[in-house]
Structures are given as C-alpha cells and as structure tokens.
Amino acid sequence: MLHTPSVLTVNLGRATPTDYSDCPTGTGIDKRPVERPVRVAAPGPKGQGGSGLAGDTVCDTRHHGGNDQAVYAYAREDLDVWEQELGRELSNGVFGENLTTSGLDVNGALIGERWRVGNELLLEVTSPRIPCRTFAGWLGERGWLKRFTQAAVPGAYLRVLEPGEIRSGDAVEIVHRPDHEVTVAFLFRAETTERELLPRVLAAGDALHPEPRAAALKYRPS
C-alpha cells in the first residue's frame, strides 16, 4: 500500500569521465542525495538546456535534458523490487533519477499529470525513460537493457510548469489527472516492445513529449 506521496531524496550528479559514454565530458548519471534546497526551473530546449535542477549535470544534451526532460523521477518502491531481483543494494539516485519518490505510482502516472512538489514547484509528466548504453554501463548488469525494457517500470520525465525550490522530504500532490489511458508505462511499451500501441498515445495531446508524438504520427503497421 502506498503511503503519502513525497520526495524521499533530491539527487544531483557531476560529470564523471567514463568509457561507456559517447560524450567526451562523461556522464552525470551518478546522482547523490543532497540535504540543501535545490532550485528547479525549465532549462531550455533539448540540445541546449541540460537538467532542470541547479547543480545537476547533464553531459550528453543531444539525448538527455531540455525542457521536456527537465526532471527524472523514480519510485523507491520500484528500486526495492530491483534490489531483490539483482541481489544488490540500490541507493537513491543510482538510476540517475533526480527525485526518488515514496508513495507515488510513477509508472502509472498519466502523460500530462501534474505534480505540486513542496510549496512552489509544479511539474508535468511527459514521457518514460528509454534505457541507453550509458545506463547499462553504469549499472554493470548483464543484459541490462533487455531486462529493464521487459520490466516496463522506466520512471518518468517531467517538464517544469512553475519553478521553485524543493528539498528531500517535500510532499507531492497530484493536482491534475488527464482523462485518457496513456500512462508512463503504456507509452514506454508503445515506444519499445508494443509499437502497435503508438497511435493510441496521441490521446495524451499537447502534454506528450515531441519525440514519441513524431513516432506515433509516422507509425505504419507492418
């Protein structure tokens, strides 16, 4: 049973050189909890803006960050399941998430769902996380991309509608739930293992991330 929705930790990362990233500056996937308040604002268009969290690093802005992927959230409950499956401890932030949440069904969130975090920040759910080579290299688990994809618990990217300060322990209030079927998990499956679902994701309307929208508009059944 889920408890009152909240942010367990706010996690920030710094650029770290690595041989499993195509980005010359490395990766910021190794995110660690911070106790201080963190300012969150729209970072700018993809390719120009990085993370929405002040002090957080997005190295490869070709594929990560920007207004529609300003914040990444992952549920502690899902990390706990992965801990059992992988047989290892998974600390908050280890999946590269900015917000490790508690009591929140992140993968069941609807595209366009809005979260009030703390007193000021307003976020809108846009899309799931699609696993990449850097994520696989960082976790170091055999067959990780396939395992993560098959599990279909990807966590959610969010855009910033109203900027504000947040900190670990802040409450999360769901202030708007759209009237459609397109959850984070549904969109993830449509983008990965069940492409035939793509036309249905257009029901999410303007809240939908531009990339899956473009894929849905181009989709032709085989």
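This is a predicted model: local features need pLDDT of at least 70, side-chain atom pairs count only at pLDDT 80 or more; totals for chains, interfaces and linings use all residues.
Q: Which residues of α3 are buried?
A: Helix α3 covers residues 144-151, and its buried residues are W144, F148 and T149. Buried means under 20% relative accessible area, exposed over 50%, and partly exposed in between, with a 1.4 Å probe and protein chains only.

Q: Where do they sit around the axis of α3?
A: They fall within an arc of 125° when seen down the axis, so they line one face of the helix. The arc is that of the directions from the helix axis to the C-beta atoms.

Q: Which residues are exposed on the other side of α3?
A: Those are K146 and Q150.

Q: What covers the buried residues of α3?
A: The cover includes β4 (71-75), α1 (76-86), α2 (133-139) and α4 (184-191). Contact means heavy atoms within 4.5 Å.

Q: Changing topic, how many helices and strands does the protein have?
A: It comes to five helices and ten strands. Buried residues make up 51% of the 222 residues.

Q: How are the residues numbered, and which pLDDT limits apply?
A: Numbering runs from 1 along each chain as its sequence is written, and side-chain values use heavy atoms, leaving out hydrogens and water. Local features need pLDDT of at least 70 and side-chain atom pairs 80 or more, while totals for chains, interfaces and linings use all residues.

Methods: Helices (H or I, at least four residues) and strands (E, at least two) are DSSP runs, numbered from the N terminus.
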